Amino acid sequence: MSQASAAQSPWQTARIVRIEKRTPRVTSFFFKLSRPFVHQAGQHVDVRLTAPDGYQARRSYSIASAPESRGTIELAIERLEDGEVSPFFHEVAAIGDEIELRGPLGGHFIWSASDGGPILLVGGGSGVVPLMAMVRHRALQKSAAPAALVFSARVWDEVIFRDELIRLDDRRDGFDLVLTLTREPAQRPSDYSRRVDAAMMVQAMERLPKAPTLAFVCGSNAFVSAAAQALIDADMPADLIRTERYGV
Amino acid sequence: MVTRGFGSGRRPPTDHDARIPPGQYLEQGFPVLSAGPTPRVRTEDWSFTLKHGPRPIKKWKWTEFNALPLTRMTRDIHCVTAWTKFDTAWQGVLVDDILADAGIAPPTAYTLALSFDGYTTNVPAKDLLDGKAMVALLYEGKPITPDHGGPARLLVPHLYFWKSAKWLNGLQFTERDEPGFWELRGYHIYGDPWREQRYSGDP
């Protein structure tokens, strides 16, 4: 179990080295760390912005990149219209800028290939970000742990990491991608077009060779409440379900 | 370090700055955070046990607990995820009144709050006494919803809000300051928002 201690994770500066638009509302920022660390898939960093008059704003962002991406981390930041940090990233931040961050943080919502599986990942919107780190870590480790990702997005064009996820799904190496669109028809035969529910969770579990040993659920509070309840209704024991929520 | 281009945009109102601890921002909503699914605890199944180590001192059922003196507390609360919410209005039973009903003085200097879902968090006994903390039963005059920790949650508003354990079912006095769930996972052993004690090793 990781210990996110301040001694191990002081504030550091990180330089933006790449910016990639993922969806209309989500852009990935790649940070080269001045003090490189190796995180665990699922962990987050705290980001701190400072104005000339000393005013500071800080937010937590999950790391999208795998632990294997040593020295550089990817944060996929969703633009929130009434935010003060995400609009800065979307409108102002540029390659070469230095940003203060500390991490890696969080010792519960984490998965390592050595933990094994099967695992069931359930993400809503940008809640897919920490799950993406797990999926990438699994692929890079050539882990045999079966994994299914149920990813709920409003529309096809808001499926963050879509092409990469479909490529990983096509490898048929024990990773299964289940997309569900809440405001558009399904685009792939095996996908859904509705909100997550117990029947969907049962079918996702059936894609795994045996019952999952852990489930990770991340998204808005409303999404996580609904998805966690759907898992419980699908007979997943509550103590095997780990959640991470954001928003009000 | 000044961030290039930051600070000219939207900023929260500053007229309440003295009430916002360092690194926090003012939140109007009431975000929900938890490590797992929301337990649905029925009041008929609910109980609260006061313990000294493994030994139960007294156990209350829901109706018995609700017969204890109710106190109002309206306080600002501070979550380690950086939101602060002003003037949250609670009613519940002060830890002082729980101890009085059990007829004991604090037997040790430390406690662990215990929850139905297995969650634990450690709080020094002195931080629970003298009107500083309660077992809250009502939020804004209504039963606390399951998402916010109902039927009953601990309320220790002067510490980061992970210390205010949801779905509370017991309080255990311990000989040592024993780290709880998040404290074992990298969060600060005490958690004073005014000293910004977020993670273990923070001063």
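**A hairpin, a sheet and a helix**

A: Let's begin with a turn: the hairpin of strand 2 of chain B and strand 3 of chain B has 2 residues between the strands, and in it Gly53(B) takes a positive phi near 60°. Keep in mind that this is a predicted model.

Q: How do strand 2 and strand 3 of chain B pair, and over how many bridges?

A: To read a pairing, look at the sense and then at the bridges. Here the sense is antiparallel, with 6 bridges between strand 2 of chain B and strand 3 of chain B. For one example, find Thr49(B), whose bridge partner in strand 3 of chain B is Lys59(B).

Q: Which way do strand 2 and strand 11 of chain B run, parallel or antiparallel?

A: Those two run parallel, and 4 bridges join them; strand 11 of chain B covers residues 168-174. Leu50(B) has Leu171(B) as its bridge partner there.

Q: What is the order of the strands in the open sheet of chain B?

A: Follow the pairings from neighbour to neighbour. In chain B, 5 strands form an open sheet in the order 3-2-11-6-7, with mixed pairing. Strand 3 (55-61) and strand 7 (120-124) of chain B are the edge strands, each pairing on one side only. On average, neighbouring strands of this sheet are turned by 20° against each other, direction ignored.

Q: How many bridges join strand 6 to strand 7 of chain B?

A: There are 5, and the two strands run antiparallel; strand 6 of chain B spans residues 110-115. Within this pair, Tyr110(B) stands opposite Pro124(B) of strand 7 of chain B.

Q: Now helices. Which residues of helix 2 of chain B are buried?

A: First the general idea: an α-helix has 3.6 residues a turn, so residues three or four places apart point the same way. Now the case: in helix 2 (residues 95-102) of chain B, the buried residues are Val95(B), Ile98(B) and Leu99(B). Seen down the axis of helix 2 of chain B, they fall within an arc of 95°, so they line one face of the helix. Among the elements covering these buried residues are strand 2 (47-52), strand 5 (83-94) and strand 8 (134-139) of chain B. Just after helix 2 of chain B comes Gly103(B), with a positive phi of about 70°.

Q: What about chain B as a whole: how many helices and strands are there?

A: Chain B has 2 helices and 11 strands. From the N terminus on, its elements run β-β-β-α-β-β-α-β-β-β-β-β-β. For overall shape, compare the radius of gyration with that of a compact globule: for 203 residues this would be near 17 Å, and chain B agrees because its value is 17 Å. Its C-alpha atoms fill a box of roughly 60 × 35 × 30 Å along the principal axes. Of the 203 residues of chain B, 40% count as buried.

Q: Where in chain A is Leu208(A), and is this residue buried or partly exposed?

A: Start with the place, then count neighbours. Leu208(A) lies in the loop between helix 4 (198-206) and strand 10 (214-220) of chain A. Leaving aside neighbours within four places in sequence, Leu208(A) is in contact with Pro118(A), Leu120(A), Pro146(A) and Ala148(A).

Q: How many residues does each chain bring to the contact between chain A and chain B?

A: Chain A brings 43 residues and chain B brings 32 residues. On the side of chain A that touches chain B, the residues divide into 19 nonpolar, 15 polar and 9 charged.

Technical notes: Residues are numbered from 1 along each chain as its sequence is written. Chains are lettered from A and ligands numbered from 1 in the order in which they are written. This is a predicted model: local features need pLDDT of at least 70, side-chain atom pairs count only at pLDDT 80 or more; totals for chains, interfaces and linings use all residues. Two residues are in contact if their C-beta atoms, placed from the backbone, lie within 7 Å. Ala, Val, Leu, Ile, Met, Phe, Trp, Tyr, Cys and Pro count as nonpolar, Asp, Glu, Lys and Arg as charged, and the others, Gly among them, as polar. Two strands pair if DSSP finds at least two bridges between them. Axes are lines fitted to C-alpha atoms, for helices over the stretch in contact, and angles run from 0 to 180 degrees between N-to-C directions. A residue is buried if 20 or more other C-beta atoms lie within 10 Å of its own, exposed if 12 or fewer, and partly exposed in between; C-beta atoms are placed from the backbone. The arc is that of the directions from the helix axis to the C-beta atoms. The radius of gyration is taken over C-alpha atoms; the globule rule is 2.2 Å times the number of residues to the power 0.38.
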